[in-house]
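Hello,

I am passing a structure on to you, with the sequence alongside. My notes on what was found follow below.

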Amino acid sequence: MFRMACEGRGSLARKLRGVLLVVAGCAVFIAAHAAPAAPAMVDAQRLIHADAEPGQWMSVARTYSEQRYSPLRAVNTGNVAQLGLAWFHDMDTTRGLEATPVVVDGVMYTTGTWSRVYALDAATGKLLWSYDPKVPRAHAVNLCCDVVNRGVAVWNRRIYVGTLDGRLIALDAATGAPVWSVVTVDQSKPYSITGAPRVIDGKVIIGNGGAEFSGVRGYVTAYDAADGRQIWRFYTVPGNPADNADSPALQRAVKTWSKPGWWRLGGGGPVWNDMAYDPALHLLYFGTGNANPWNRYIRNGASGAGDNLYTASIVAVNVETGKYAWHFQTTPGDAWDYDSDEQLVLATLDVGGAPTPVIMQANKNAFFYVLDRRTGAFISGTPFARQNWTKGLDAKTGRPIPLGGDIYHGESGRVTWPAPFGGHNWQGMAYSPQTGLAYIPVQDVPFLYAAQSETDFKPVTPGWGTAMNLAAQALPAGLDPLLQSALYADAVAGKLVAWDPLRRRAAWTVEHALVWNGGTLATAGGLVFQGTAAGNFRAYDATSGTELWRYKLPNGVIAAPMTYTVDGTQYVALMMGWGGSAALAGGMAVKWPGRDFHGYLLVFKLGGAAQLPAPQPFNPGIPDPPKLTATAAQVKAGNRFYNQRCAVCHGVDAVSGSSLPDLRYLPNAMYGKGFEAVVLGGVMANAGMASFADVATRQDIDDVQAYLIKRATETRVSLRQPGWWARIKTLVFRAVAPLANWLNGLLH
Ligand code: CA
């Protein structure tokens with residue numbers, strides 16, 4: 001009650017300076033939470049015993065066990081329907097927001113786009129400071145998956161952030177002023193940092209990403225939190241075999257890479273996302289990304305054989321020394337971009353009648369793994385999403401049983417689930433010890449994996465070695481657009497799955513309208529929270545999956561919520577901002593009427609009544625392209641170039657699924673000299689569109705424009721009001737889509 005009075009009558013209180021009680025009371029209130037004398041005073045004991053302070057959220061997944069579970073219960077199944085917006089902060093972006101905020105002693109620390117950091121009063125939303133590391137915008141060309149960041153680490157009055165261009169920066173928690181900064185990567189190579197650091201006993205631990213590009217060799221590094229001095233570094237793949245003498249783990253790994261000179265392409269295996277820690281075992285756990293390039297026939301030679309350790313693996317190292325402890329490879333010889341970087345969750349499960357310390361992961365490859373975290377021993381692996389890349393897992397070892405033969409079916413390709421977006425990706429997965437369930441943001445998306453010929457493969461940016469122009473046509477070319485969309489809608493699904501790791505099956509499932517939904521939060525109030533791609537923030541009964549609350553948002557959500565208390569009030573926070581790999585690739589993303597891509601940090605509480613500003617709807621209009629005069633061969637070449645080089649940001653098939661320009665809507669004046677000035681001349685490098693002069697010829701540019709004019713013309717036709725015949729066809733195609741999809745799978 002007193003806090004309400006203080007907030008509500010702040011200006012009145014200023015006028016009544018003589019009213020001693022009110023002024024003194026507000027001063028106490030401010031000292032209690034808004035400006036702690038020494039903010040972010042976090043140490044080893046506080047982090048290890050995080051459950052003793054349930055109102056704090058001191059690390060992106062709250063505890064070293066990374067459960068994204070809160071013991072708070074003031075907001076619960078009985079009253080969640082009264083949840084409303086308490087405050088919000090404009091994140092000054094229309095790109096993806098992926099961070100989970102951290103809250104320590106009433107101050108919230110979070111990140112936005114371009115690795116920017118924010119400190120806010122966690123009760124009122126007042127901005128205390130912000131810090132912009134000024135990442136060069138042209139660096140965006142080195143990013144597979146948007147200008148995103150997944151959060152900060154806090155330790156001993158400092159805030160730590162990794163930047164897109166590979167720096168690790170320590171900030172003063174009181175002012176946001178930089179204390180030290182180290183460059184953690186070779187900045188001449190396409191490395192990037194999007195993951196949140198972790199701090200363990202005075203060591204800041206950070207990895208990096210970039211295995212969609214050539215030249216990236218994955219590693220994770222521990223720096224001294226006090227001064228940025230490097231303590232240890234663990235490489236996830238060998239470098240030059242001649243240089244691995246001091247590492248028995250890398251010497252063992254060398255044997256799984258057979259093609260001479262492979263290491264010159266980097267190898268991949270980056271540690272780009274979450275890490276977990278077991279203080280009793282002194283083990284740090286992280287996942288590693290795909291090997292590079294994706295195409296294992298280019299990477300490993302004609303047979304494709306070779307496990308390529310330690311890519312697509314879960315790895316444990318000693319936190320003091322960085323020395324290898326164990327690994328479990330989820331996808332040996334990966335060819336599908338099945339990174340193993342998804343969240344790793346520690347828990348104690350009853351395995352065969354004995355309480356067992358386990359590590360769990362809902363992997364990109366669609367299998368839910370349970371391992372003994374002391375040794376890495378396989379306990380179970382079960383599909384939680386649609387998959388046809390393996391016949392299954394060996395029951396004893398967990399090793400996938402190969403399909404046999406050429407998995408890509410040469411250059412014609414094979415339709416495979418999951419897509420590179422994964423059955424589950426980086427979106428945080430909550431695990432509730434109360435229900436024993438893991439809450440997984442799941443998606444079923446197919447992808448046409450097809451080999452790029454080795455002569456076409458150029459180890460440049462990006463360098464997959466798979467034919468992305470074919471990938472853009474996972475459905476047979478030349479089909480009626482209505483049938484195409486019906487087939488696609490049937491083949492994809494976005495869901496929230498409550499997974500029982502012991503019974504190895506879903507306890508309940510909620511189907512979503514779209515794929516690429518947000519991460520999850522579980523609470524002791526019996527709730528699971530999730531934001532969706534279609535712009536809803538929802539709360540479910542954690543046991544039954546019954547929806548108990550829904551809040552309509554003007555934008556899609558990919559981040560995970562978190563919760564905390566200030567002065568006894570429980571808040572639930574969420575970053576809203578549509579983006580990331582699947583959003584950029586587009587296609588499945590829907591620009592619904594009234595959608596606003598503006599990003600906000602949203603904080604809710606019971607009875608909250610704040611209102612977001614009115615949405616500024618995105619309306620691209622109807623494209624008005626120049627007349628298509630190019631030959632079919634030119635359009636085809638343009639399709640090939642576009643989908644290989646441009647689709648990663650502007651969308652597969654030139655359908656942008658984000659706020660980035662949808663090139664079908666280019667103004668007429670942008671074709672010709674304007675197009676050339678941007679793509680070859682780099683005149684928009686400061687806005688994030690780097691010059692492609694090093695990979696594109698003038699002919700390429702002409703071809704891409706021909707392709708875009710064709711796509712714009714098709715789009716214009718499809719946007720016309722459908723007649724009665726088209727409406728009937730839509731109904732028929734929706735009915736036959738499941739059968740047609742089954743046949744399509746057989747054909748590929
Ligand atoms: Ca990857």
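**Cysteines**

Cys 144 has a relative accessibility of 21%, so this residue counts as partly exposed. Cys 145 is also partly exposed, at 24% relative accessibility. Please keep in mind that the model is a predicted one.

Cys 144 and Cys 145 are bonded to each other as a disulfide, with 2.2 Å between their sulfur atoms. The S-S torsion of this pair is about -105°, so the disulfide is left-handed. One disulfide is what a search of the whole structure turns up.

Where does that leave Cys 646 and Cys 649? For Cys 646, the closest cysteine sulfur belongs to Cys 649 and lies 9.2 Å away, which is too far for a bond. For Cys 649, the closest cysteine sulfur is the one in Cys 145, at 9.0 Å, again too far for a bond. Cys 646 counts as buried, with 16% relative accessibility; the cut-off for buried is under 20%.

For reference, six octahedral donors would ideally give angles of 90 or 180 degrees.

Asn 290 is buried, its relative accessible area being 0%. Asp 339 is buried as well, with a value of 2%.

**The protein as a whole**

There are 13 helices and 35 strands in the protein. Its radius of gyration is 25 Å, close to the 27 Å given by the globule rule for 748 residues, so the protein is as compact as a globular protein of that length. Along the principal axes, the C-alpha atoms fill a box of roughly 85 × 60 × 50 Å.

Of the 748 residues, 61% count as buried. Taking contacts between residues at least 6 apart in sequence, 64% join residues at least 24 apart. The accessible surface is about 27,900 Å², and carbon and sulfur atoms account for 57% of it.

Regards

Conventions
Residues numbered from 1 in each chain as written. Predicted model: local features only at pLDDT ≥ 70, side-chain atom pairs only at ≥ 80, totals over all residues. Heavy atoms only, no water. Buried < 20%, exposed > 50% of the residue type's maximum accessible area, 1.4 Å probe, protein only. Disulfide = S-S within 2.5 Å. Helix = DSSP H or I, 4+ residues; strand = E, 2+ residues; numbered from the N terminus. Rg over C-alpha atoms; globule rule 2.2 N^0.38 Å. Contact = heavy atoms within 4.5 Å. Areas by Shrake-Rupley, 256 points an atom, 1.4 Å probe, with all protein chains shown as cover.
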